[in-house]
Amino acid sequence: DLLTQCGGQRRPGNPIPIVDRNDCAARIQTKLSVAAKDYPQHEEVLQRLQVEHASLDLVCFIDHLEERLFFAVRGTDRGMNPLTTPRDMHSNMNIILGNGPARAVPALEEYKSARRRYPKF
């Protein structure tokens, strides 16, 4: 469900967002609040987390109080999702041919960008 809300095709140097990133982050933030209730042993920390960055492949959460960053990276979808299946098939073929998945480079750049914004976290 979140993929259709936070989806978008990314081309190097030419991102084409389908939805507003702020809307995407707000939807993930809402889901995070729900998840916090499912994990009472981690609820305090989960309630503090805020979505710093969200894309189709990577979400960055920030805990300002503890000065920590958390990242979640999307794996290959097992279902046939129209937003992810073509990219996943391309990445899987790259792996079969001995190369890395194509989406790894943009995800790494997103990670580095977040780390640069918070170098002491």
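With which side chain does the side chain of S55 make a polar contact? The partner is the side chain of E110, at 2.6 Å, where a polar contact is a pair of N or O atoms within 3.5 Å, one of which, within protein, must be able to donate a hydrogen and the other to accept it, residues adjacent in sequence counting only if both atoms are side-chain atoms. S55 is found in the loop between β3 (50-54) and β4, and at 8% relative accessibility S55 counts as buried; buried means under 20% relative accessible area, exposed over 50%, and partly exposed in between, with a 1.4 Å probe and protein chains only.

The model is predicted, and local features need pLDDT of at least 70, side-chain atom pairs count only at pLDDT 80 or more, while totals for chains, interfaces and linings use all residues. Residues are numbered from 1 along each chain as its sequence is written, and side-chain values use heavy atoms, with hydrogens and water left out.

**Overall architecture**

The protein chain holds 5 helices and 5 strands, which run α-β-β-α-α-β-β-β-α-α from the N terminus on; helices (H or I, at least four residues) and strands (E, at least two) are DSSP runs, numbered from the N terminus. Of its 121 residues, 33% count as buried. Among contacts between residues at least 6 apart in sequence, 42% join residues at least 24 apart, a contact meaning heavy atoms within 4.5 Å. The protein chain exposes about 7900 Å², of which carbon and sulfur atoms supply 57%; accessible areas come from the Shrake-Rupley method with a 1.4 Å probe, and for residues only the protein chains shown count as cover.

**Salt bridges**

The count of salt bridges comes to 11, where a salt bridge is a side-chain nitrogen of Lys or Arg within 4 Å of a carboxyl oxygen of Asp or Glu. Side chains of opposite charge can pair when their charged atoms come close. The table gives some of these pairs.

| E43 | K37 | 3.3 Å |

In the pair of E43 and K37, E43 counts as partly exposed at 24% relative accessibility, whereas K37 counts as exposed at 55%. D63 is buried, with a relative accessible area of 0%. Salt bridges that share partners join E44, R48, D63, E66 and R68 into one network.

R87 is found in helix α4 (residues 85-96) and is buried, with a relative accessible area of 18%; the side chain of R87 makes a polar contact with the side chain of D57 at 2.6 Å. M93 is also found in helix α4, but M93 is partly exposed, with a relative accessible area of 44%. Together with I96 and L97, M93 makes a nonpolar surface patch of about 350 Å². Patches are made of residues with over 30% relative accessible area and no salt bridge, like charges being joined within 9 Å and nonpolar side chains (Val, Leu, Ile, Met, Phe, Trp, Tyr) within 5 Å.

**Aromatic pairs and a backbone feature**

The structure holds 2 aromatic pairs. In one of them, Y118 and F121 form a tilted pair, 5.1 Å centre to centre with 45° between the planes; rings of Phe, Tyr and Trp (its six-membered ring) pair if their centres lie within 6.5 Å, and planes under 30 degrees apart count as stacked, over 60 as edge-to-face and the rest as tilted. Y118 is buried, with a relative accessible area of 19%, whereas F121 is partly exposed, with a relative accessible area of 21%.

As for the backbone, phi of E67 is near 55°, a positive value in a residue other than glycine. E67 lies in the loop between β4 and β5 (68-73) and, at 45% relative accessibility, counts as partly exposed.
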